[in-house]
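The tour goes from one selection to the next.

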Amino acid sequence: MEISRHWRLRQQRYGLVGEVCPHCDAKIFPPRDVCPSCSGEAKTPYVFSGRGEVYSYTIVHDPPEGFEANAPYAVALVKLDEGPILTSQLTDIEPAEVKIGQRVEMVTRKLREDGDERGMLIYGYKFRPELATAH
Amino acid sequence: MSNVFVAGVGLTPAGEHWERSLRELAFAALEAAARDTERVLGGPAPAEALFAANALAGQLSGQAHLGVLIADFAGLRGIEAVTIEAAGASGGAALRQAYIAIASGQVETALVVGVEKTTDTIGGRVNAALATAGDSDFESVQGATPAALAGLLMQRYMHTHGVPREGFANFAVNAHANGKANPNAMFRNTLTRDAVLRGGALADPISVMDVAPECDGAAAVVLTSRPTAVRVVASAQATDTLALHDRPDLLAFDAARLSAGRAYKMAGLGPDELDLFELFDAYSIFAALSLEAAGFAEPGQGWRLASEEVIGRGGRIPIQTFGGLKARGNPVGATGVYQVAEVALQLRGEAGANQIADARVGMAQCIGGIGANVVTHILRSE
């Protein structure tokens, strides 16, 4: 079940909370406490806007255990407007329509079901094409 | 510091071994390596340490602690033994631990055995186990398998460097051309370029023909400080970020570059002096990036080397000389041991139909994760 494990990550999964380096102002996601740019200590929370663009993508046809119901699904490297790149599923889009450079925004979706019908539902971020009305 | 030599090698066929367990596979490789060692050294060579390489048994077989499992089953009770895990680089990492033990003078002879069993379970469970080599909290939770991550890498490579999808096809063609004559290869069929290009999508742009099949297998190498015809002249390891998304330059393949660079420095030679390069073609994009990282091509140009004139058995830098991962098969944690055993056979002139003419210096490189952990060994015939 690993309930505490997913609970620990709630700020990242639901709020895209990373860190900002107090020494060089680099924005960091996922949080890692040592700044990848200047190697200084970086533990100041920073909330990302949730907007970015597709840096690369793939369509998964051969899913791992727990993701069978979603396949085929698109997984992308999303370059956030603040700089970092993260790995995320894309949603609300046909796999064939995904393009590098496409604008996307964060939404909260079910990532997977943990075990049988009594298992935990794991929610987290996915990215969808940016809605014009969101500006 | 003692010099380190290859005393013996032992290989089992890579493939589906429903009739043999983890311990039986490992023992078969050790037995073959012991026979080979006895022939090379003119008598038995008692080993003082055993390094077992494995990546997935804890997850797929519910069995950890393979160092003891194998030592016990092989009748080596009392020997120093430990398991080395570094995902796809486990085999190379175990060899490196044996190398360090011998070079330091602590051990005269060490056994390295890589073993993997992936075919007791199928599909989703194997994919989920393989995905544990990535970042569980920020990659795997998104359904990103290693093939998906390699797909992200390949897509970006094609986009950045303007490479067509077909540009990678000849890596698979070359692998199968060489696997054909290897009795230990999983696939011994010719693969045409057209057949490669017709391969079904797995993780676009990666097709089933861009991926090496995970399989069962075991390989053993005996290293010793007693001089033989094949010396290990370099052993090096380097790491990168665990998650692909954390790399400042996605396409740099820095761990492979660092690992190869350290090995070249240690051996006092460069890419021009290599007669063969057993690279880690778990995905065709890895083959292209490994050739760049090892100094055979500029960034973005590695895929252009995928022609028989360059990478074939008579080419400028032969790769996959026994079929590579694509045709020989990829028994994940054991693969790095297969690679070094295959280089040793080439340098001894015992590669049979797969022999590279006048091979004197060969390099083997294995990769854990998506280029996150890379171990390189260079062997030279003395």
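How many bridges join strand β1 (residues 17–20) of chain A to strand β3 (residues 44–47) of chain A? Select both: 4 bridges join them, and the two strands run antiparallel. Strands here are DSSP runs of E with at least two residues, helices are runs of H or I with at least four residues, and both are numbered from the N terminus. Two strands pair if DSSP finds at least two bridges between them.

Before going further, note that this is a predicted model, in which local features need pLDDT of at least 70 and side-chain atom pairs count only at pLDDT 80 or more, while totals for chains, interfaces and linings use all residues. Residues are numbered from 1 along each chain as its sequence is written, and chains are lettered from A and ligands numbered from 1 in the order in which they are written.

**The sheet in chain A**

β1(A) and β2(A) form a hairpin with 6 residues between them, and D25(A) in the turn has a positive phi of about 65°.

Show the three strands together: they form an open sheet in the order β2-β1-β3. β2 and β3 of chain A are at the edges with a single partner strand each, so one side of each has no neighbour in the sheet.

**The core**

Next select V112(B), V113(B), A220(B), V221(B), L223(B) and V337(B), the residues with the most contacts inside the largest nonpolar core, which has 182 residues. Such a core is a set of buried Ala, Val, Leu, Ile, Met, Phe, Trp, Tyr and Cys residues joined through C-beta atoms within 7 Å. Buried means that 20 or more other C-beta atoms, placed from the backbone, lie within 10 Å of a residue's own. Helix α1 (residues 22–41) of chain B gives the most to this core, with 10 residues.

**Helix α13 in chain B**

Finally, select residues 335–348 of chain B, helix α13. Is this helix enclosed or open, and why? 13 of its 14 residues are buried, so the helix is largely enclosed by the rest of the structure. Just after α13(B), G349(B) takes a positive phi of about 75°.

How values were computed:
Expected span 1.5 Å × (residues − 1). Buried ≥ 20, exposed ≤ 12 C-beta atoms within 10 Å, placed from the backbone.
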